[in-house]
Amino acid sequence: MSKSAERRPLDGRKPIRTAPGARHTCRLCAHSCHNYTVVLSELEARRLALDEWRPLLHKVPDDLPLVQRQGAQYILNKRPDGACVFLGADGLCVIHKESHPESKPLACQMFPLQAVQAPDGVYLSLNSGCRRLIDQGEADPLLDEADARRMLSQAAGLISLGETIMLSPTTMILYEDFLHWQDQIEALIGREVSTFNEFWERLQETARLILTIEPEALTDPVPEWQIMFRRIEATLRGDHNHSGPRQMLVRRVLQWIPQLTQTGFPLTLPQLEIPGGAAFCARVTGQFLAGRQAAFWETAIGAWSGLVIGLTVGIMAAALIPFDPARYPAPGHVLNDTLADALMLMGLPSAAVSSELQKAFLRALG
Ligand code: SF4
């Protein structure tokens, strides 16, 4: 979690602000049940650790505890195959099916929405890690505010921002100043566009804007893109546990930087045949920004830079992965997958991104 954020209980006086277009629908793809760590409150931990659940569970060894303690936190355990201990053989959640949807851990009830408690309200937005986000539309229900308040009030702690935000490793800024930059970035890449090339131009403009945020960092006479990508490099280098494709990916990002900074670098994106794909990229970005999700990142500049490069790499990789109907319900899901993983990798270099997608990112970077 960012140095600007900590976990605190809901402040019931704060307004709930749901990002425009955020819906509350789970399409039961079970991706998050394989790939996320579910943090529990103490009450949830006690309830879900009970042996009474065991006869209902699938492939859970008898000696595997259902709940683990990690430092001060409780988390749901994973089966040897990597899935949550409560994921049934049919791909559905055993707690949801056998007990009640409201018996599930709060994090699972909320998904794909996530909450950030800021000084001016509690922000709900869509989590870009969701693999069926591209399917969200007007037909999906909006989250009822009373329901949101009920769920949030049960949370042991929400990610909460203070009055100051870590802009860079050396600079703290007021929350209002953070919003000033967020609003400008949102106006560029958080609004719907119709083509990928239009979106790419917006990404470039955003990169230029990010580079004006800390002008003293620009005394180095290297081109602007290079400074931005150096920050990404520092983020990626910060993880010493790279292995296999991840290590190669780090090296490839480094090789790619000089190409991007060359004068006349052809800044055009591959043509993607995905109807509504560019609008989807803008929607994901808009949710990230409106939901104050930069709170999850080490610094705000790291968050905004990672957003730009994650979108770029994710879009380029999507153009290279052939659509396989046996694997994906629709071509848009390839873009959904690559964007989700690229953004996760930029924000959390140790994230569990599949080796196959890392290889696609490598190919995208040339
Ligand atoms: S508790 Fe249920 S919904 Fe939550 S991760 Fe486990 S299987 Fe999925």
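In this predicted model, helix 12 spans residues 332–347, and its 16 residues carry it 23 Å from first C-alpha to last, close to the 22 Å expected at 1.5 Å a residue. Helix 12 is also mostly covered, with 15 of its 16 residues buried.

Next comes a pair of helices that touch. Two packed helices are described by the angle between their axes and the distance between the axes. For helix 7 (residues 196–210) and helix 11 (residues 300–320), the axes come within 10 Å and cross at roughly 155°. Angles over 145 degrees count as roughly antiparallel, so that is how helix 7 and helix 11 run relative to each other. Their crossing is left-handed. On the helix 7 side, the contact is made by Phe 196, Leu 203, Thr 206, Ala 207 and Ile 210, while helix 11 brings in residues including Trp 304, Val 308, Leu 311 and Ile 315. Sorted by type, the residues of this contact come out as nine nonpolar, three polar and no charged.

A few spots in the loops are worth a look too. The peptide bond from Phe 111 to Pro 112 is cis, with omega near 5°, and Pro 112 sits in the loop between helix 4 (106–110) and strand 6 (113–118). Leu 28, in the loop between strand 2 (16–18) and helix 1 (31–35), has a positive phi near 55° despite not being a glycine. Leu 28 counts as partly exposed because it has 13 C-beta neighbours inside 10 Å. Lys 59, another non-glycine residue, has a positive phi of about 55° and lies in the loop between helix 2 (42–48) and strand 4 (67–70). With 12 other C-beta atoms within 10 Å, Lys 59 is exposed.

Methods:
Residues are numbered from 1 along each chain as its sequence is written. This is a predicted model: local features need pLDDT of at least 70, side-chain atom pairs count only at pLDDT 80 or more; totals for chains, interfaces and linings use all residues. Helices (H or I, at least four residues) and strands (E, at least two) are DSSP runs, numbered from the N terminus. The expected span of a helix is 1.5 Å times one less than its number of residues. A residue is buried if 20 or more other C-beta atoms lie within 10 Å of its own, exposed if 12 or fewer, and partly exposed in between; C-beta atoms are placed from the backbone. Axes are lines fitted to C-alpha atoms, for helices over the stretch in contact, and angles run from 0 to 180 degrees between N-to-C directions. Angles under 35 degrees count as roughly parallel, over 145 as roughly antiparallel, 65 to 115 as roughly perpendicular and the rest as oblique. A crossing is left-handed if the near helix is turned anticlockwise from the far one by less than a right angle, and right-handed if clockwise. Two residues are in contact if their C-beta atoms, placed from the backbone, lie within 7 Å. Ala, Val, Leu, Ile, Met, Phe, Trp, Tyr, Cys and Pro count as nonpolar, Asp, Glu, Lys and Arg as charged, and the others, Gly among them, as polar.
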